[in-house]
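Subject: Structure handover

Hi,

Here is the structure I promised to pass on. Please load it first, then read my notes below.

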Amino acid sequence: MTVENIVAIYRLATPEEKRDGVVWYAQALAECNRIALDYEVPLHIVVGVCAALSPNNRWERNIINTRDMVQAFTGGEFINNFKVSTYHAMKQKAWRILAAMPEAEAEVITMLNGQKIISFFQNIMGYDTCTIDGHARNIAYGVREGLTGTISIGKKEYATLQAEYVAAGKKVRLNGRALKAFEMQAITWVAWRRIHGIG
């Protein structure tokens, strides 16, 4: 039933929400690519830093924090020379990715070591997967549970819900093609927020 719930919310999305959902991660990749080019750092490293700095950090601030960190690192500054809008442990993780400068995306994924930030990295890089948060879970189950409490999504449930979003993306066509899971998740997330008046 979860695939049908996801598709039902997709069908309630406006044309603008569908357009915005499809381009959101592409725009995020383009912003990371600008940073990569400006500071001559591999794109997958910049995306890894961005993903590491994402917990509890609004996108607009997340991308600024990413630029600030890459600029500080490439300029020979120290980790304490700038502030970020996420947890200190995430700042350290992002800095370690820059310091290690792994050649392979798989190594960045290993260093991220958290299902939500790994998913965010993969979504920006274009993998057919998605980030599961409380809203994505509610959409899939067709329920509206408050997110102020802790909704714990275990590894098995997380993987199952990701597979449901992949399947839902294959059930619809937009501009003549099936959606990737992250596009389906982005579209339904925006529509869900509008439908339920979530700010």
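Which residues does Met 69 touch, not counting residues up to four places away in sequence? The contacts are Val 49, Leu 53, Phe 82, Lys 91, Ala 94, Trp 95 and Leu 98. Keep in mind that this is a predicted model.

Met 69 also belongs to the largest nonpolar core, which has 63 residues. Six residues there touch the most other members: Met 69, Leu 112, Ile 132, Tyr 165, Leu 179 and Met 184.

**Salt bridges**

The count comes to 6 salt bridges. Three of them follow.

Arg 67 and Asp 38 meet through their side chains, at 3.0 Å from N to O. This pair links distant parts of the chain. Arg 67 sits in helix H4 (residues 59-74), Asp 38 in helix H2 (residues 15-39), and 29 residues separate them. Arg 67 counts as partly exposed because its relative accessibility is 27%.

Asp 38 has another residue of H4 to look at. Gln 71 lies in helix H4. Gln 71 and Asp 38 are 33 residues apart in sequence, yet their C-alpha atoms are 8.9 Å apart in space. Gln 71 has 39% relative accessibility, so it is partly exposed.

Arg 58 pairs with Glu 60 in a salt bridge, with 3.9 Å between the closest N and O atoms. The cut-off is 4 Å, so this pair is counted. Arg 58 is exposed, at 66% relative accessibility. Glu 60 is partly exposed, at 49%.

Arg 137 forms a salt bridge with Glu 157, and the closest N and O atoms are 3.0 Å apart. Arg 137 is in helix H8 (residues 134-141) and Glu 157 in helix H9 (residues 155-171), so the bridge ties together parts that lie 20 residues apart in sequence. Is Arg 137 buried or exposed? It is buried, because its relative accessibility is 14% and the limit is under 20%.

**Helix H9**

H9 runs to 17 residues. From first C-alpha to last it reaches 25 Å, close to the 24 Å expected at 1.5 Å a residue. Its buried residues are Tyr 158, Leu 161, Gln 162, Tyr 165, Val 166, Ala 168 and Gly 169. They cover an arc of only 165 degrees around the axis, so they share the same side of H9. On the other side, Lys 156, Lys 170 and Lys 171 are exposed.

What do the buried residues of H9 pack against? They meet helix H1 (2-12), helix H7 (115-125), H8 and helix H10 (181-195). H8 is therefore linked to H9 in two ways: through the Arg 137 to Glu 157 bridge and through this packing.

**Glu 183**

The side chains of Glu 183 and Arg 177 are joined by a polar contact of 2.8 Å. Leaving aside neighbours within four places in sequence, Glu 183 is in contact with Gly 21, Val 22 and Arg 177.

Best wishes

How values were computed: Residues are numbered from 1 along each chain as its sequence is written. This is a predicted model: local features need pLDDT of at least 70, side-chain atom pairs count only at pLDDT 80 or more; totals for chains, interfaces and linings use all residues. Side-chain values use heavy atoms; hydrogens and water are left out. Helices (H or I, at least four residues) and strands (E, at least two) are DSSP runs, numbered from the N terminus. Buried means under 20% relative accessible area, exposed over 50%, partly exposed in between (1.4 Å probe, protein chains only). The expected span of a helix is 1.5 Å times one less than its number of residues. The arc is that of the directions from the helix axis to the C-beta atoms. Contact means heavy atoms within 4.5 Å. A nonpolar core is a set of buried Ala, Val, Leu, Ile, Met, Phe, Trp, Tyr and Cys residues joined through side-chain atoms within 4.5 Å. A polar contact is a pair of N or O atoms within 3.5 Å; within protein, one must be able to donate a hydrogen and the other to accept it, and residues adjacent in sequence count only if both atoms are side-chain atoms.
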